[in-house]
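Have the picture open while you read.

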Amino acid sequence: MEHITLLLAIVVVTALVFDFTNGFHDTANAMATTISTGALKPKTAVAMSAVLNLIGAFLSVEVAKTISGGIVNEDGLRTEVIFAALVGAILWNLLTWLVGLPSSSSHALFGGLIGAAVMSAGWSSINGGTVVTKVLLPAIAAPLVAGLAAMLATRLTYRINRNVTDEGQLKSTAKGYRAGQIASAGLVSLAHGTNDAQKTMGIITLALVTGGVLAPGSNPPMWVIVSAGVAIALGTYLGGWRIIRTMGKGLTDLQPPQGFAAQTSAATVILASSHLGFSLSTTQSCSGAVMGAGLGRKGGVVRWSTATRMFVAWGLTLPAAGLVGAGAEFLTKQGPWGIAVTAVILVGGSFAIWVASRRQPVDHTNVNDTGDDEPQGVVTTAMAAVQPPPVGGPASDLSTTIPAPASSPDDPARPPAKV
């Protein structure tokens, strides 16, 4: 086996940077509903999620095998292709984080890898069957299944508690759901580490195979598993507050029973897919579950304008990251100077996005502020305009705007004229 070269080391470091962005980009999947309902304080929530992400990274390597030996053909694949793929994935992750859209880090990675591989070796380098069965079909099914499960679970939850009217019982029930929500959030974090950390393990393993360090079909070495787990845990602890705001407050207003139903449904779908080796988007699963929980409560609403922007981002992720990955691969094919230019573009683009994010910072202190992201619709505005005035005494700062009716000179109620 060959030793790790400088280029391979750069690729490994870049893959860990992607894993870091994956962590803070997808923190919302596990903790957005927990934070929005007040079950946990923001900093406590992300710390808990980070620890469980790290633990989850050690539970399985099935998804890593799908990536390292399934999506693209390893034979003849150059290490530069992996670098170009990671450039596309990282820039897309950062861009969607800037605008607060919970797009899929998984699909960003797949898109970058597919685009770079096609630019390098043509369409024959892609295993189309694996892409369809283990990436595209789960991407369509996961949010639908998680959303339906969350909607049914929410309706069942409210039906079970429909006869609880005592104030003490209501408080006790709400407390129980908050505890259940914390437990289910921990399960989602564990599932996220099991599924998403493996994607970086798979991409590093693929790079090691292309560099001749590992034989094709090898499992990820222990140092790869450890470093990927630590990187995603650090990113999770940083907290992707912009996306947490969108998931927790932008899609719908959740109560603790809804949060519990959403997170339990999402965790079940993610863990099942990890066991089967499906490289599932945890973002799409959790987003679908949140929307399902919003529809499951009587009187609950989903803010479809926010959901539409999210759906558009989902649809654009694969092709957009693929185009960037293909462009980066075109540069890396030119030789060392092309690799250097690609690295400069990655660093410069990341810095520019970070500077733009400082104009309107979002952190743990204002993550639950909804702001003006969702303007009122025509119906809502019209209803507000015709609402009756509040019951209570007259306000002291109001003056009469309707003149009194004119009275005749002999009206006994009329005050006498001054002389």
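Predicted model: local features only at pLDDT ≥ 70, side-chain atom pairs only at ≥ 80, totals over all residues.

Residues are numbered from 1 along each chain as its sequence is written, and side-chain values use heavy atoms, with hydrogens and water left out.

**The whole chain**

The chain has 15 helices and zero strands. Both kinds of element are DSSP runs numbered from the N terminus: helices are H or I with at least four residues, strands are E with at least two. Of the 419 residues, 52% are buried. Here, buried means under 20% relative accessible area, exposed means over 50%, and partly exposed is in between, using a 1.4 Å probe and protein chains only. Now take the contacts (heavy atoms within 4.5 Å) between residues at least 6 apart in sequence: 87% of them join residues at least 24 apart.

**Two helix pairs**

Here are two pairs of helices that pack together. Axes are lines fitted to C-alpha atoms, for helices over the stretch in contact, and angles run from 0 to 180 degrees between N-to-C directions.

| Pair | Angle | Axes apart |
|---|---|---|
| α5 (residues 79–98) and α13 (residues 304–332) | about 140° | 7 Å |
| α3 (residues 42–56) and α9 (residues 222–238) | about 170° | 8 Å |

The angle in the α5 row makes α5 oblique to α13, while α3 and α9 are roughly antiparallel to each other. The cut-offs are under 35 degrees for roughly parallel, over 145 for roughly antiparallel, 65 to 115 for roughly perpendicular, and oblique for the rest.

Which residues make the contact between α3 and α9? On the α3 side they are Lys-43, Val-46, Ala-47, Ser-49, Ala-50, Asn-53 and Leu-54, and on the α9 side Gly-229, Val-230, Ile-232, Ala-233, Thr-236 and Tyr-237. Sort them by type and you get eight nonpolar, four polar and one charged. For this sorting, Ala, Val, Leu, Ile, Met, Phe, Trp, Tyr, Cys and Pro count as nonpolar, Asp, Glu, Lys and Arg as charged, and the others, Gly among them, as polar.

Is Thr-317 buried or exposed? Thr-317, which sits in helix α13, is buried, with a relative accessible area of 0%. Skip its neighbours within four places in sequence, and its contacts are Trp-92, Ser-103, Ser-104, His-107, Ala-108 and Gly-322.

Phe-20 belongs to helix α1 (residues 6–25) and is partly exposed, at 29% relative accessible area. Again leaving out neighbours within four places, Phe-20 touches Ala-231, Leu-234, Gly-235 and Leu-238. Phe-20 and Tyr-237 are 217 residues apart in sequence, yet their C-alpha atoms are 9.9 Å apart in space.

**Two covered helices**

Helix α2 (residues 27–36) has ten of its ten residues buried, so the rest of the structure largely encloses it. Among those buried residues are Met-31 and Ile-35. After α2 comes Gly-38, with a positive phi near 80°.

Helix α6 (residues 105–121) is mostly covered too, with 14 of its 17 residues buried. From first C-alpha to last, α6 reaches 24 Å, close to the 24 Å expected at 1.5 Å a residue; that expected span is 1.5 Å times one less than the number of residues. Just after α6, Gly-122 has a positive phi of about 85°.
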